[in-house]
Amino acid sequence: MQQSSDAFLNLLADLGAEIGEDLSPDPSGVLTLVLDDESFSLESPEGASFVYLQAAIRRLGPNRAADLETAMRLNLFGHPLSNAWLALDPEGDALRLCCAIPVDGLDTARLSGFLEAFAATINVLRHGDTVPVSGTLDTEIAQHFVRI
């Protein structure tokens, strides 16, 4: 399974070369990105066949039950990104957006599209903005994007 980690590192190196940025993960294997003013992290641990993305969305408010109910409703087709879900980070008492992308068949164009879609979803969840109905996502990327 070391091939998956190598493939992920090669993807990051290739994407970094395309955009002129160093996209090397930190010593823990995590890369933190800021895209469209939204910060998130991605990693593909050794032996994993997925790239995992995650971002803090917001802390729970004083009405935890209502916040958690809203998050659970959003998990059921209420946010615009397939293969993504909201989870509770118990250490920070915050909702986190998480996503898993299969490494197999992933290239720089698809990875770039997923990163853009993830950043757009973060924006929707944090700020209530809307995801463009038509836009820059090509049809191959758009098949992983569910618009409600």
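These are my notebook entries on a predicted model of one protein.

**Entry 1: the overall count**

I started with the secondary structure. I find four helices and five strands. Going along the sequence, I read the pattern as α-β-β-β-α-β-β-α-α. The protein has 148 residues, and 39% of them count as buried. I also looked at contacts between residues at least 6 apart in sequence, and 60% of these join residues at least 24 apart.

**Entry 2: the sheet**

In which order do the five strands lie in the sheet? I get S1-S2-S3-S5-S4, an open sheet with antiparallel pairing. S1 (30-35) and S4 (84-89) are the edge strands; each has a single partner strand, so one side of each has no neighbour in the sheet. From one strand to the next, the twist averages 30 degrees.

A reminder to myself: strands in a sheet pair through backbone hydrogen bonds, and they can do so parallel or antiparallel.

**Entry 3: strand pairs, one by one**

S1 and S2 are joined antiparallel by six bridges, and one of the partners I noted is Ser41 in S2, which bridges to Thr32. S3 (residues 50-59) and S5 (residues 94-102) are antiparallel too, with nine bridges. S4 and S5 run antiparallel with six bridges between them.

**Entry 4: Cys99**

Cys99 kept turning up, and I gave it an entry. This residue sits in strand S5. Which residue of S5 is the bridge partner of Leu53? It is Cys99. Ala84 also has Cys99 as its bridge partner in S5.

Is Cys99 buried or exposed? I looked up its relative accessibility, and at 3% Cys99 counts as buried, since the cut-off for buried is under 20%. Setting aside neighbours within four places in sequence, I list its contacts as Val51, Tyr52, Leu53, Leu81, Ser82, Asn83, Ala84, Trp85 and Phe118. I also checked Cys99 against Leu86: they are 13 residues apart in sequence, and their C-alpha atoms are 8.9 Å apart.

Thr108 belongs to helix H3. I find it buried, at 14% relative accessibility. Beyond its neighbours within four places in sequence, Thr108 is in contact with Leu11, Asp14, Leu15 and Glu18. Helix H1 covers 2-19.

**Entry 5: the hairpin turns**

I then looked at backbone angles.

Two of the cases are in the loop between S1 and S2. Asp36 is placed there, and its phi is positive, about 55 degrees, although it is not a glycine. Asp37 is in that loop as well, with a positive phi near 65 degrees. This hairpin of S1 and S2 has two residues between the strands.

Are Asp36 and Asp37 buried or exposed? Asp36 is exposed, with a relative accessible area of 56%. Asp37 counts as exposed at 74% relative accessibility.

I also checked the hairpin of S4 and S5, which has four residues between its strands. There, Asp93 takes a positive phi near 50 degrees.

**Entry 6: a pocket**

Last, I looked for empty space. Rolling a probe the size of a water molecule over the atoms shows where such space is left. I picked the second largest pocket, which holds about 210 Å³ of space.

Which residues line the second largest pocket? I wrote down Leu15, Ile19, Glu21, Leu23, Leu33, Val34, Leu35, Ser112, Leu115 and Glu116. The elements giving two or more residues to this lining are H1, S1 and H3. Sorted by class, the lining has seven nonpolar residues, one polar and two charged.

Key. Residues are numbered from 1 along each chain as its sequence is written. This is a predicted model: local features need pLDDT of at least 70, side-chain atom pairs count only at pLDDT 80 or more; totals for chains, interfaces and linings use all residues. Side-chain values use heavy atoms; hydrogens and water are left out. Two strands pair if DSSP finds at least two bridges between them. Axes are lines fitted to C-alpha atoms, for helices over the stretch in contact, and angles run from 0 to 180 degrees between N-to-C directions. Buried means under 20% relative accessible area, exposed over 50%, partly exposed in between (1.4 Å probe, protein chains only). On a 1 Å grid over the protein atoms alone, a cavity is a set of points where a 1.4 Å probe fits but cannot get out, and a pocket is an open set with protein on both sides within 12 Å along at least five of seven lines; lining residues have an atom within 4 Å of a point. Grid points are joined across faces, edges and corners, and a volume is the space filled by probe spheres set on the points. Ala, Val, Leu, Ile, Met, Phe, Trp, Tyr, Cys and Pro count as nonpolar, Asp, Glu, Lys and Arg as charged, and the others, Gly among them, as polar. Contact means heavy atoms within 4.5 Å.
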